[in-house]
Amino acid sequence: MNCRECEERLQSYVDRELSEQELLEVQRHLEACPPCENHFRLQLHLKRLVKVCCESGQAPAHLRAKLRQILF
Amino acid sequence: MAVGIGVSVAVLEPGMATMVAVADDPGSERGAQSDDFAEEAIGYLDTLYRGALRLTRDPAQAEDLVQDTYLRALRYRHSYQSGTNMKAWLFAIMRNLFWDRFKGGRPEDVSLDGDAEASLYDTLKDPTAMPEADVLDRIAADEVVRAVEQLPELHREVVLLVDVEGFSYKDAAEVLQVPIGTVMSRLHRARRQLQRSLQDYAREAGIVHGEQGRAG
């Protein structure tokens with residue numbers, strides 16, 4: 001696997017969407033290629049950062065109360 | 001498509017844009033509402049509200065959107081297949097309501113997807129186009145949220161589903177009613193935009209200096 005082939009699969013690798021065989025091929029390339037490894041780490045970092053930052057916050061209590069009245 | 005996450009055509013048809021009062025709807029079965037369906041559905045309230053907030057970027061509109069999502073879910077509960085992915089089903093309802101109410105109709109495949117073939121390889125060749133991981137760590141959470149909220153809606157919603165909510169490409173594709181390849185290309189472009197936005201912010205905030213900034 002060359003860098004371009006790795007790059008094309010990196011998004012699916014970060015998102016855990018590759019087959020086992022493809023996953024192993026990407027892993028093997030990353031272990032041998034610092035630039036691709038750096039890029040992978042950045043992509044993973046960005047994904048986690050977005051999740052952590054956008055996951056905080058709760059629905060307002062009055063909305064929950066209103067919905068409970070509607071639903072139950 | 002309905003098999004995977006229980007999103008049936010009945011829920012997604014355009015004629016459903018107008019929500020009627022639950023009490024007027026014979027299909028809502030008010031007498032049997034206090035059940036597992038309602039309990040499971042209310043369990044996704046915080047998740048849906050956060051998603052609505054990111055989509056509408058307005059707390060009042062987010063509340064309206066979430067409330068209407070639950071009303072519609074209740075009305076069309078018969079189309080939900082028990083044991084399937086209720087979170088995806090609710091997100092599909094909310095997403096369709098969002099486009100109907102706030103954006104004047106369902107999105108078409110617009111020019112945003114036009115150069116979907118663009119490769120991240122181009123980014124790789126230009127290391128200054130990417131922030132370093134330690135730079136990302138120094139960016140405030142509010143700025144990350146802001147960068148997400150500035151994405152075009154078609155890109156924002158796929159980031160919400162895949163990155164924030166952890167949907168598989170397949171489930172995201174079903175919620176968005178697009179092929180998996182479209183999910184992937186939108187995600188790809190959304191992440192590039194996020195990287196650019198955060199890198200620009202880091203440079204403006206003095207977290208990185210000019211020579212580390214994005215070239216263009």
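Analyst: If neighbours within four places in sequence are set aside, B:Val66 is in contact with A:Leu63, A:Leu67, B:Leu45, B:Leu48, B:Tyr49, B:Ala52 and B:Met94, contact meaning heavy atoms within 4.5 Å. This is a predicted model, in which local features need pLDDT of at least 70, side-chain atom pairs count only at pLDDT 80 or more, and totals for chains, interfaces and linings use all residues. Residues are numbered from 1 along each chain as its sequence is written, chains are lettered from A and ligands numbered from 1 in the order written, and side-chain values use heavy atoms, without hydrogens and water.

B:Val66 and B:Val183 have the most contacts inside the largest nonpolar core, which has 70 residues. Such a core is a set of buried Ala, Val, Leu, Ile, Met, Phe, Trp, Tyr and Cys residues joined through side-chain atoms within 4.5 Å. Buried means under 20% relative accessible area, exposed over 50%, and partly exposed in between, with a 1.4 Å probe and protein chains only. Helix 6 (residues 86-102) of chain B gives the largest share of this core, 11 residues. Helices (H or I, at least four residues) and strands (E, at least two) are DSSP runs numbered from the N terminus. Domain 1 (2-102) and domain 2 (111-212) of chain B each supply at least three residues to the core; the bounds come from an automatic or database domain assignment.

A second, separate core has 11 residues, among them A:Cys6, A:Val14, A:Val26 and A:Leu44. Chain A has four helices and zero strands, and 44% of its 72 residues count as buried.

Next come the spaces. On a 1 Å grid over the protein atoms alone, a cavity is a set of points where a 1.4 Å probe fits but cannot get out, while a pocket is an open set with protein on both sides within 12 Å along at least five of seven lines; lining residues have an atom within 4 Å of a point. Points are joined across faces, edges and corners, and a volume is the space filled by probe spheres set on them. The largest pocket has a volume of about 340 Å³. It is lined by 16 residues, and A:Val14, A:Asp15, A:Arg16, A:Leu44 and A:Lys47 are the closest to its centre. Helix 3 of chain A gives the most to this lining, five residues.

The largest cavity holds about 50 Å³. Its lining is B:Leu55, B:Phe91, B:Arg95, B:Glu157, B:Leu160, B:Leu161 and B:Val175. Helix 6 and helix 10 of chain B each give two or more of these residues, and helix 10 gives the most, with three.
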